[in-house]
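Below are some comments for a colleague who has the sequence and the coordinates open. They are arranged as numbered points, going from one chain to the contact between chains and then to local details.

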Amino acid sequence: MTAISAPPSVSAQQARLTQRRRGRPTWKTIALMVSAYIIAFLFIFPYLDMIVTSLRPTNELLTPTILPHHYSWSSYTSLWKTGLGTNLKITLLIAGGATVLVLLVATPAAYFTARHKFRGRMAFLILVLITQMFQPTALLVGIYRQFVGFHMLNSVWSLILVNAGFNMAFAVWILNAYFGSIPRELEEAAMVEGSSRLGALFRVTLPLAAPGVVTALVFTFIAAWNEFVIALTLMTTPNKQPLTVAINGFLGAYSTDWQHMFAASVIATIPVIILFALIERKVVSGLTAGSIK
Amino acid sequence: MSNEAAAPAAHMADSHTPIRRRKRSVGRRLADSFGPLLWIGPAIGLICFVVLWPVVVMVRTAFQRVSSFGEIKGGAGWRNFTRLFHELAFKGVVERTIIWVVAVVGITMLVSLALAQLFNQRFPGRRVTRWALIAPWAASVLMTALVFKWMLHSGYGLINILLHDVGLLNNLNSASADPLGKSSTAMPWLIFVAIFVSLPFTTYAILAGLSTIPGEVYEAAKVDGSSRWHTYRTVTLPLLRPALTVATLINVMNVFNSFPIIWAMTHGGPGYSTTTTTVYMYVLKGKDLGESAAMSVVNFGLVIIIVAVFLRISRWKSEVE
């Protein structure tokens with residue numbers, strides 16, 4: 001639409017809006033749709049190739065065709081002989097452990113800072129904001145030497161701690177916002193009815209903050225699930241490595257086991273994309289919390 | 001619990017609190033000052049152990065002599081730093097890091113402004129297309145990088161096959177079909193992949209910013225007779241500034257610390273032609289831990305500057321209070 005010389009009447013505008021909503025799509029809408037669909041396709045394109053390659057039969061890997069002539073599940077069945085089951089278990093342990101730890105540590109901190117003004121509150125929130133800005137990669141050498149010093153190389157605990165520590169900030173922000181939006185009168189009412197302070201927190205506030213809690217947990221889980229650099233540095237024995245490191249291990253200096261690599265990648269990626277789509281809207285608000293509304 | 005009972009009860013509790021607060025005992029006051037620690041103590045502990053302690057260890061290591069077996073051989077003064085600065089690759093690595101960050105972040109922001117504008121329109125299926133946009137954000141960056149490495153495989157990579165079918169590539173399995181093997185083409189492809197994985201977050205952040213702009217603002221601009229582009233420049237962009245600032249800074253941090261893309265696709269090669277400071281730190285870690293720590297400290301200094309800028313520009317304070 002081009003600029004309009006005279007402001008159209010409200011009713012005319014209204015009519016056009018409803019027509020657009022109900023009637024057949026305008027050319028503009030069609031153009032929008034086509035470009036949006038093409039862009040959306042480009043964004044999932046690499047992951048489609050990931051799936052297709054993982055389903056290529058071994059004898060078709062080295063045929064330069066866009067799509068294979070046959071599809072086969074063999075990569076997925078033979079995958080487990082490479083020890084991937086162990087790697088999957090380690091990843092689940094790390095991601096699950098980090099998620100639980102974040103829940104235990106971030107919830108009380110977020111609740112307290114949302115409900116009370118106390119000395120050091122600002123200092124605490126600055127500390128949290130700063131950790132959100134730091135990436136474990138930047139501290140790699142320090143983390144490495146620290147855990148060598150504690151004899152915690154190849155320990156699942158070290159990765160649980162690191163992942164929890166670096167993802168806690170996001171959880172604190174998003175939970176802080178949720179707790180802050182729940183009126184404290186609700187809790188006080190429950191306390192007057194005989195609940196203890198903790199009882200009120202568990203029975204009234206936490207259920208109301210459930211969407212925030214779920215978002216924080218899913219986000220932590222995914223971040224820990226996908227983490228690569230620290231795991232690559234701290235987990236040196238193959239049967240202690242999480243999926244990401246194991247998948248990188250399929251990349252050989254002379255030959256690469258592409259089919260197994262992508263079968264493992266599909267297993268590691270698709271669930272995460274679905275989980276992430278569920279919390280998509282809330283993630284941005286958490287990541288940018290403290291800076292924009 | 002019935003609502004009728006809850007409402008007046010809440011009111012009563014409210015009116016009593018100030019009185020209770022005035023008559024605090026000494027024990028209560030002690031509890032008040034230690035109480036917070038009970039709630040936020042675990043979080044502080046975790047931050048100290050996982051974030052602050054490694055910083056201390058890292059800085060200390062930068063001033064130590066470390067043997068190739070990881071033993072401390074005493075202090076090194078500034079020697080790790082001078083050795084680092086005199087490495088032949090160092091200057092190129094720093095220059096490349098600046099190009100890497102500026103190119104990736106700059107292009108990402110421009111493209112995501114356009115994408116956000118598109119996905120902010122109403123059209124059937126918008127929700128589904130927005131989900132597709134998420135994929136590179138949710139998926140592990142490592143795996144995205146590995147897929148691109150495969151798609152660029154000189155013999156069987158899908159991108160090369162498509163280029164070949166279209167006629168833009170003469171021979172598969174030739175040097176021209178191996179963009180990651182040449183320094184002139186490797187870096188542009190790495191930048192492309194980094195932009196690809198950065199776009200979802202920045203686009204979503206801008207979409208969130210767009211949704212905070214009230215519709216009346218646009219109506220007013222329309223009444224004034226502004227053209228679309230003029231409205232965008234004078235109304236939308238200024239109102240998007242907070243969202244843009246935060247998205248840019250978070251993006252800068254991510255791209256600056258980005259490791260998996262380069263490591264999985266080229267290992268920093270050929271030669272050092274795709275090595276950034278973060279990758280260089282990792283490469284040095286295998287050779288000389290002290291020098292690697294010195295590189296980390298230099299990196300870390302830059303990170304602190306970026307964080308300081310972030311704290312200054314963002315309005316985190318008004319949100320917290």
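1. Among the contacts in chain A with a separation of 6 or more, 76% are made by residues 24 or more positions apart. Please keep in mind throughout that this is a predicted model.

2. As for secondary structure, chain A has 13 helices and zero strands, so that its pattern, read along the sequence, is α-α-α-α-α-α-α-α-α-α-α-α-α. Of the 293 residues in chain A, 45% are buried.

3. Which residues touch the most other members of the largest nonpolar core? In this core of 165 residues they are A106(A), M168(A), V172(A) and L175(A), and the largest share of the core, 17 residues, is supplied by helix 7 (residues 156-181) of chain A. When residues up to four places away in sequence are not counted, V172(A) touches A106(A), A109(A), A110(A) and V128(A), and also A43(B) of the other chain.

4. The contact between the chains draws 91 residues from chain B and 88 residues from chain A. On the side of chain B that touches chain A, helix 2 (residues 26-62) of chain B gives the most, with 17 residues. Sorted by class, that side of chain B is made up of 69 nonpolar, 18 polar and four charged residues.

5. Helix 7 (residues 158-166) of chain B deserves a separate look. The buried residues of this helix are L158(B), N160(B) and I161(B), and because they cover an arc of only 160° around the axis, they lie on the same side of helix 7 of chain B. These buried residues pack against helix 6 (141-151) of chain B together with helix 2 (27-54) of chain A, and the residue that follows helix 7 of chain B, G167(B), has a positive phi, near 100°.

6. The last point concerns a hairpin in chain B. Strand 1 (residues 64-66) of chain B and strand 2 (residues 72-75) of chain B run antiparallel and are joined by two bridges, with G75(B) in strand 2 as the bridge partner of Q64(B). Five residues lie between the strands of this hairpin, in which G70(B) takes a positive phi near 90°.

Notes: Residues are numbered from 1 along each chain as its sequence is written. Chains are lettered from A and ligands numbered from 1 in the order in which they are written. This is a predicted model: local features need pLDDT of at least 70, side-chain atom pairs count only at pLDDT 80 or more; totals for chains, interfaces and linings use all residues. Two residues are in contact if their C-beta atoms, placed from the backbone, lie within 7 Å. Helices (H or I, at least four residues) and strands (E, at least two) are DSSP runs, numbered from the N terminus. Ala, Val, Leu, Ile, Met, Phe, Trp, Tyr, Cys and Pro count as nonpolar, Asp, Glu, Lys and Arg as charged, and the others, Gly among them, as polar. Two strands pair if DSSP finds at least two bridges between them. A residue is buried if 20 or more other C-beta atoms lie within 10 Å of its own, exposed if 12 or fewer, and partly exposed in between; C-beta atoms are placed from the backbone. The arc is that of the directions from the helix axis to the C-beta atoms. A nonpolar core is a set of buried Ala, Val, Leu, Ile, Met, Phe, Trp, Tyr and Cys residues joined through C-beta atoms within 7 Å.
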